[in-house]
Amino acid sequence: NPSDGTSACYAQAVLQQLFQIASMLWTVVVARVVQMVWSKARTLEQIEGDYWKMHAVVWGGTVLLAIPAAASENYGETAGWCWISVRRREELGTAWRFLCFYIPLWFIAAYNLTVFWVVRSQVKQISANGSTALPRSVQTLARMVWYPVVLVICYIFGTINRIQNIFGPPSYEIVILHALFQSSQGIGNAIVYGTTPSVREALREMVYGPNTANQNMVEEEESNIENSALDRVELSLSETKH
């Protein structure tokens, strides 16, 4: 990592804070969109008009959570990379680590897990009540529960590391696990995304080519299945709400 006190170290620390917070806040946006679509409060077409609001909230929140450590000059070298340092103003550095990162992280994780687990549970319940295959849109919503799971797995050792730092010098083994798991979030998200039905189909077409002979028949059959399943989803949801 860059030397403490250098411009490179300061830039790395600020960028770490900015983009890690932004990545967490975007998972909240995904969870909120899923919640609205699943509850039929909004359609995707209606939500598209609010993209600018989502960017304003995410990037505005990101900047706000990056300012305190900058104001108190707590960006600097940590064990392994540059981030919010405790070498200068130790109490403030520790406070900013938790108030501006780890506490928001676990509130976000709790909200995301709650939303996605409720959706996934309802999908399982609906699927168990009938034999018709669920539409891909519903399957995708259910599969998105794994995004917050990836978030939790990737940051659990980071949280343990920062708590341990309060009581003693960094542990080499925990720092290694922190770095390994935190840097795996992108890979984990890519795996979740790559296992969705539409992406798997696109990959199959890239490898084997489209089956043009049966394409229209398959599309018609899938359309009929999806319409039937959507009717069943709506019926089950209405029964659940009543």
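**A contact and its surroundings**

Mentor: This is a predicted model. In it, the side chains of Asn112 and Thr27 make a polar contact at 2.8 Å.

Trainee: Which helix holds Asn112?

Mentor: Asn112 is found in helix α4.

Trainee: Is Asn112 buried or exposed?

Mentor: Asn112 has a relative accessible area of 0%. Buried means under 20%, so Asn112 counts as buried.

Trainee: What else does Asn112 touch, leaving out residues up to four places away in sequence?

Mentor: Besides Thr27, Asn112 touches Val28, Ala31, Pro148 and Leu151.

Trainee: Which residues have the most contacts inside the largest nonpolar core?

Mentor: They are Met24, Tyr75, Phe101, Leu105 and Leu151, in a core of 34 residues. Two or more residues come from each of α1, α3, β2, α4 and α6. Helix α1 gives the largest share, ten residues.

Trainee: Changing topic, how do α1 and α3 pack?

Mentor: Helix α1, residues 7–38, and helix α3, residues 51–71, pack at an angle of about 145 degrees, and their axes are 9 Å apart. The crossing is right-handed.

Trainee: Which classes of residue make up the contact of α1 with α3?

Mentor: That contact has 16 nonpolar residues, four polar ones and no charged ones. Among them are Leu18, Trp26 and Val29 in α1, and Met54, Trp59 and Leu65 in α3.

Technical notes: Residues are numbered from 1 along each chain as its sequence is written. This is a predicted model: local features need pLDDT of at least 70, side-chain atom pairs count only at pLDDT 80 or more; totals for chains, interfaces and linings use all residues. Side-chain values use heavy atoms; hydrogens and water are left out. Axes are lines fitted to C-alpha atoms, for helices over the stretch in contact, and angles run from 0 to 180 degrees between N-to-C directions. Helices (H or I, at least four residues) and strands (E, at least two) are DSSP runs, numbered from the N terminus. A crossing is left-handed if the near helix is turned anticlockwise from the far one by less than a right angle, and right-handed if clockwise. Contact means heavy atoms within 4.5 Å. Ala, Val, Leu, Ile, Met, Phe, Trp, Tyr, Cys and Pro count as nonpolar, Asp, Glu, Lys and Arg as charged, and the others, Gly among them, as polar. A nonpolar core is a set of buried Ala, Val, Leu, Ile, Met, Phe, Trp, Tyr and Cys residues joined through side-chain atoms within 4.5 Å. Buried means under 20% relative accessible area, exposed over 50%, partly exposed in between (1.4 Å probe, protein chains only). A polar contact is a pair of N or O atoms within 3.5 Å; within protein, one must be able to donate a hydrogen and the other to accept it, and residues adjacent in sequence count only if both atoms are side-chain atoms.
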